[in-house]
4 protein chains.
Amino acid sequence: MKTTEILLLLLCLNVVCFSALPSAPATCPADLGSECSGSGSDEWEGEFFPGIPKIKYEGPSSKNHLAFKWYNSEEVILGKKMKDWLRFSVAFWHTFRGSGADPFGAPTKFWPWEDGTNSLAMAKRRMRANFEFLEKLGVEWWCFHDKDISPDGKTLEENNANLDEVVALAKELQGSKIRLLWGTAQLFSHPRYMHGAATSSEVGVYAYAAAQVKKAMEVTHYLGGENYVFWGGREGYQTLLNTDMERELNHLARFLEAAVAYKKKIGFNGTLLIEPKPQEPTKHQYDWDAATSANFLRKYGLTGEFKLNIECNHATLSGHSCHHELETARINGLLGNIDANTGDPQIGWDTDQFLTDIGEATLVMLSVVRNGGLAPGGFNFDAKLRRESIDVEDLFIAHISGMDTLARGLRNVAKLIEDGSLSELVHKRYESFDTEIGALIEAGKADFELLEKKALEWGEPEVASGKQELAEMIFQSAL
Amino acid sequence: MKTTEILLLLLCLNVVCFSALPSAPATCPADLGSECSGSGSDEWEGEFFPGIPKIKYEGPSSKNHLAFKWYNSEEVILGKKMKDWLRFSVAFWHTFRGSGADPFGAPTKFWPWEDGTNSLAMAKRRMRANFEFLEKLGVEWWCFHDKDISPDGKTLEENNANLDEVVALAKELQGSKIRLLWGTAQLFSHPRYMHGAATSSEVGVYAYAAAQVKKAMEVTHYLGGENYVFWGGREGYQTLLNTDMERELNHLARFLEAAVAYKKKIGFNGTLLIEPKPQEPTKHQYDWDAATSANFLRKYGLTGEFKLNIECNHATLSGHSCHHELETARINGLLGNIDANTGDPQIGWDTDQFLTDIGEATLVMLSVVRNGGLAPGGFNFDAKLRRESIDVEDLFIAHISGMDTLARGLRNVAKLIEDGSLSELVHKRYESFDTEIGALIEAGKADFELLEKKALEWGEPEVASGKQELAEMIFQSAL
Amino acid sequence: MKTTEILLLLLCLNVVCFSALPSAPATCPADLGSECSGSGSDEWEGEFFPGIPKIKYEGPSSKNHLAFKWYNSEEVILGKKMKDWLRFSVAFWHTFRGSGADPFGAPTKFWPWEDGTNSLAMAKRRMRANFEFLEKLGVEWWCFHDKDISPDGKTLEENNANLDEVVALAKELQGSKIRLLWGTAQLFSHPRYMHGAATSSEVGVYAYAAAQVKKAMEVTHYLGGENYVFWGGREGYQTLLNTDMERELNHLARFLEAAVAYKKKIGFNGTLLIEPKPQEPTKHQYDWDAATSANFLRKYGLTGEFKLNIECNHATLSGHSCHHELETARINGLLGNIDANTGDPQIGWDTDQFLTDIGEATLVMLSVVRNGGLAPGGFNFDAKLRRESIDVEDLFIAHISGMDTLARGLRNVAKLIEDGSLSELVHKRYESFDTEIGALIEAGKADFELLEKKALEWGEPEVASGKQELAEMIFQSAL
Amino acid sequence: MKTTEILLLLLCLNVVCFSALPSAPATCPADLGSECSGSGSDEWEGEFFPGIPKIKYEGPSSKNHLAFKWYNSEEVILGKKMKDWLRFSVAFWHTFRGSGADPFGAPTKFWPWEDGTNSLAMAKRRMRANFEFLEKLGVEWWCFHDKDISPDGKTLEENNANLDEVVALAKELQGSKIRLLWGTAQLFSHPRYMHGAATSSEVGVYAYAAAQVKKAMEVTHYLGGENYVFWGGREGYQTLLNTDMERELNHLARFLEAAVAYKKKIGFNGTLLIEPKPQEPTKHQYDWDAATSANFLRKYGLTGEFKLNIECNHATLSGHSCHHELETARINGLLGNIDANTGDPQIGWDTDQFLTDIGEATLVMLSVVRNGGLAPGGFNFDAKLRRESIDVEDLFIAHISGMDTLARGLRNVAKLIEDGSLSELVHKRYESFDTEIGALIEAGKADFELLEKKALEWGEPEVASGKQELAEMIFQSAL
């Protein structure tokens, strides 16, 4: 078999191969049509989720697994409706393309509406399921990658045409009630991106990635998306031995500059978001954490053009608490969106679990409230069912649980603020700086000679207890 | 679409789905034959690796990437041929079924001899490639999982028939020069095993797994395998909230007891090996590390029947050095085999890299030499090419590099032993126990009253320097 | 200066040197008496904690930092008084000898009752403070190391005499209301123990350690202690390069056998407890985790004589959840006591923080309730104030917070049990084993041939959803 | 006892207390003079290291532990003398004040020249030992913290006077052969710094820290120091619950700005260096890693004024390889100095071991060579003897081993460069960017429309193998 034959085979197989990725259940290629067992139609009789009612708020005492216990969308907390603080979004990839596959196992999820293909018809049917899901769950936002929602064709042109067709349907289904939180281009799954996209060592890949982002940005704009996300899937390295890190980072900057220029050109006003992650799939991702991403943006003069999309699981993988990453983003003026999930404290890879830890949720909401909310960003559920959760109702249970947990966090923050003792404790700790000399210091007017003079005058300084245990007690009491 | 239809589709798709697993490149199902683009024949004209010569030893000064610089198979080191100390084995799954897929990406490797199917014909052709690879590389052992080497059919009977056909060819190709180090059953990829195999919550899965192990043990025996391995892929839990750990561990013990009984029944004299791993794919694997596995074996009275297969990457994931795990296995009388690879010290998942660290290799060989070698076990290269390494020659380079590194480690151990100063340092540290009182203590005859009497008599004990820096200096000098 | 002079100086300085250890605030040596600024008397006018009332239960709505919100000692939960489930104990070392020193800093805590010495008088005064603390806090148990409560003398005989004097006072102060949960010998701080105690390379150290444990066991018995703990402070290695691990483990086993013999000889009926910890201060501690400790006990035939003291922070440092370690101990029949604390999920050393995480506390109590309680063990607060918490009231706040958190955990477990849906979910998962074939398997009567027959008969097994998200939702609802 | 008495006692005890810190062996306070057993004189008869010869280069075949096998100071490698590439420096704190104390144990090291005090006389005698050590070792640079080399007095004035006296001696001893690599102020051990120094919540502490840095900078300048280091010992937080991170970071920036101003005022031309560390002693240090520190410097406009001091052990604690941190510093134009040490890959705290890993040393030297050397920075041995290494000769063995390892690394880099194949491999990977379109991209002139046009024109891009295994083979061959 010759190289050309292999390449033809590759073209033919790609779509199949991709089908067992975590983000894509087993399917047939869009272009094989009748050879696959797909029904060939995007129609679906009746409901996609027949046994599932519209999810309602029933309060904390409810035992109904298909009801909210803490999330009451219209209820006003701290001056805003819960839904406006939380701006929940469903992630199309996990919820509709998550197959349950992992590095050691094949897909486990075979939803009733899937016909085993990745045909255009199936892509559209799946999009209909998405909108029914959103409606029943009472979530008004969604997010996607280009490759989640439409099948690859044989060429870039075909890819784009397929995408257009599905996006047109999505636009129609959005109607006036559902909105797009953000779109993005998937630049990590295809073999062409194995060395990265904007940081690939191959110039052709750089160009291809640019074309793909261009299109994804256009359709995000068309769908009224409020943000556009860059997650640098393979922008990083596997070993420094074969890598010119400086050159790669320069390429990444040039790429993002071009994205900014194109955004302006087409009149897209959404926020551009960078999503930090320390590693996986690469040994080192260039957007390691919030501070690393901020350094990159500052170095290349891009701070005004980007914000950060902080993911809790990425935070802990980088050695920080999620709260730390949110606060770091916030005080750098960069907190734009949250990918709501959690990891396992004993696991060293991205598990993307639904957050159910109340303390963690309360800390997350503390940052959000301090930030005055996240709009135009929101909470995107970048979280997936466990591989072993294979009932359709599990999709609902997981989202309800995640929404309730964050809603409970918001209620706890309201309690903390009402109580006031935690913020008073913090305020008091620093009150020695609320003085004349403190003001001089903070204004940059206290030089070492003045400070030495003061030190000699004051003698040994008194230092107060840090009261960490008291702070923890107060915090825990609000949960 | 009804459940039954879905199930049929599932049956049909399974083989496709599996095709994008790391352990299986994109293929067609065995039973679809002509609908796939496969050639339908296991023939292959000429060599599989046409540009690659038989790999020879050229010594440390060679610049030839396709030559050994340290591994000289027939050379005698410490009284044994290098090949007898090292007993290298190629892992069929990584080398011939590794596709380059990862949780974020599709396969990247498309070897020339692959026809895009997982047909029986293709399975056989691949087996021929394996034996040419072994011959050119100068490796005399190989290892496999049942699912690596033969395609699934629609039923257990069909699976077994397919396996038999491929195994018959393997037997023929082995001839008198190549031997099977070990076989094993793959009990983690298929959705039926999502809750484990011997520890699945479903009794039907337990039975299915038993049938699969029964068959894998039979073919291992048929091929003259010297060992049989149990790696508990999904024997563990994702959350304790839904798990009865005690019951699952009991089931695992019953399963292994049945395996021992069957081994004896069929007259298979190979060693049974358990392979510890702390986690991945599950949050917690029951065979966490060497000590945990030893505890399990002791608890259920299985210590006489099993040894351990230690993998370096699993060792570091469990928080230990590889040398620690080897020594723990050794002093518990359980060191049976080594899965030769390494991880990345900053990465929290199993990267299965080829070991190229000389210090690490020297420590590994230190344990092996202390153990008097590994036979009937050996060094199985449970290591894979990086996803981005897509040239056929990379398969050779990686194995040569791994073989040379361990060979260099063996040479270093010989230097250390010849020099003698490191073992003398250790011996001297404990010489205060080479005394009358030391002998009493070690014989269990020194009670607390005697010891207190001695302590009062001796006064404050003198304590000598631990000389760690000196030990490290001596060790480094041997590298 | 000659070696002998240095040694004399060493003797003189040891007691001083030790004074800046974390477990010992700045003091003078016991034998220098008047040269130190100590008051020379164990008297103390009035209360040690004058502003602190007896801590009472005020319920969840209380804002009083010096009141219990969840712990109501006499209230009956799940058939037992809270105090009998929880059996709280104060750790003398952290609470009364914790100085706030750390590897980068000097002591920060200077309690009013401390006179700057480690004289016998001061040791007694400190013991009085301990009993007032217990009384005000409403805790009925305490724990100690020999070196916490009495100063070193120049010889073993002097050490023992000092210990006797303080222990006599403690006995008196215990009266009928306060009891000793456990005692232990401190075998890691003194330079003589730098290579370990029972695993030291010096036989004289082994003997000294035996004498010290002998004495500590005697005074524990005298004080009516219900348990005796072995924490292998430096029983482990810093590098395998200079270590004979097998010989050291044998010595450890001989040592523990002698301890068992002596325990029986003196009629001490308390439980002997081993406390697993993976590392710190050594690179590797021999009692790495519960399973490793169980393996050691089984290997040397000691399982009947020892149980485990599980510490949550040690659990997470070894890569496990605390719940995992508790369950592992429980199903091995080894759960004896809990060192109640927590670590920081992003920190790689032992922070010994007071547990305030409600979810974690609920999981801990789940294991305790399954175990039928911990008696004769209990919950020892092996937790310390942060270095920066320097107010006397912080000692109370921290303990109240820790007690309330575990009490809240217990209440949550009661809710979970009452609700029943979580245990039902688990029970149902395994119900396919509650069958005839399941019973055969569990009885060890199902061989591979029978199982294969069943597998062929049954065809592809059905596998149910793992329902992890539902389990998490139910769990979270109980918090 | 009243508060004032306690405070007096505190003043008296501080110096004692500090004596058991890792950085200070057991001593008497400087101001207690005769009450301590110190000799009261800085004289020392004969040599400090009587059995130790001047260390010479004997080449790789030498078995002499007190000789260099790889470091040949005057030998020219890659166009420079080894000593000019390496600029080794001894760290006064570890080598002369390291006591062997750790969080679980008292000091273990009692050097012959120590008289058990921290008197001024002792401080001077110790300084003489330092210079004899440097001379015998053949190291021309040293580093110190103010608190290492001189005892605290009762006031800031007394501290400064003590420092001046010792520094005058050091200046004399430096002569023309020994130079100061850098000085620094120790701002983390004293209780006053428990909440940080520049980021303390107490304004008095901020002022005290400024006074201390002012003085330390002055004496560094006086001694001809070529750099001045800021390691933010406690600049960070223990919990975000009690912390105003934004305000603290602003204070830190104001502090560093004042340092820059003062440096210029006194005409000190040395480089200011920030030393990143992720955590320990605090839960989170503000100078987490190189990128975080760079972001801080950029945010506050300080990039022109500071470089970074990269420590390998800090690198790995932050989740990066040391090579990564060095490269990150280098490509941000910030690589100023290296704190040469290593950690343990399985340990989560700072072990500050001497580096003996050849591969690691080679990677470190690769960055240094790419940087054109480190001058005016160098390699400071921020590494300490293990607690159990208590022989005087261990101090020499450890440094010789560390020096030889880096020297061997340098020789390996020379081999790699001479061979050329590794750099060629990297160069070739990116050659598709050495084209017209590549140049446009790198010049920021390729917009998305142009790139899309190219992508359409080119079709599916070809992607070459990453050749990681080959790169690893080449690298290993040079070791």
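Reader: How many salt bridges does the rule find across the interface of chain D and chain B?
Author: This is a predicted model: local features need pLDDT of at least 70, side-chain atom pairs count only at pLDDT 80 or more, and totals for chains, interfaces and linings use all residues. Residues are numbered from 1 along each chain as its sequence is written, chains are lettered from A and ligands numbered from 1 in the order in which they are written, and side-chain values use heavy atoms, leaving out hydrogens and water. A salt bridge puts a side-chain nitrogen of Lys or Arg within 4 Å of a carboxyl oxygen of Asp or Glu. Between chain D and chain B, the rule finds 8.

Reader: Which residue of chain B forms a salt bridge with Lys63(D)?
Author: The closest N and O atoms are 3.2 Å apart. The partner of Lys63(D) is Asp419(B).

Reader: Which three residues supply 21% of the area that chain D buries against chain B?
Author: Buried area is the accessible area (1.4 Å probe) that two parts lose on being put together, summed over both. Chain D and chain B bury about 3400 Å², with 49% on carbon and sulfur atoms. More than any other three residues, the 21% comes from Glu469(D), Met473(D) and Gln476(D).

Reader: How many residues does chain A give to the contact with chain D?
Author: Contact means heavy atoms within 4.5 Å. Chain D gives 95 residues. From chain A the contact takes 95.

Reader: What is the area buried between chain D and chain A?
Author: Carbon and sulfur atoms give 63% of this area. The total is about 8700 Å².

Reader: Which residue of chain D forms a salt bridge with Glu442(A)?
Author: The rule finds 10 salt bridges across the interface of chain D and chain A. In one of them, Glu442(A) has its closest N and O atoms 2.8 Å apart from its partner, Arg247(D).

Reader: In what order do the 8 strands of chain B close into a barrel?
Author: Strands are DSSP runs (E, at least two residues), numbered from the N terminus. Two strands pair if DSSP finds at least two bridges between them. S5(B) and S14(B) run parallel, joined by 3 bridges. The pairing in the barrel is parallel, in the order S5-S6-S7-S8-S10-S12-S13-S14.

Reader: Which residue in S14(B) stands opposite Ser89(B)?
Author: S5(B) spans residues 88-91, and S14(B) spans residues 379-381. Opposite Ser89(B) stands Asn380(B).

How values were computed:
Helices (H or I, at least four residues) and strands (E, at least two) are DSSP runs, numbered from the N terminus.
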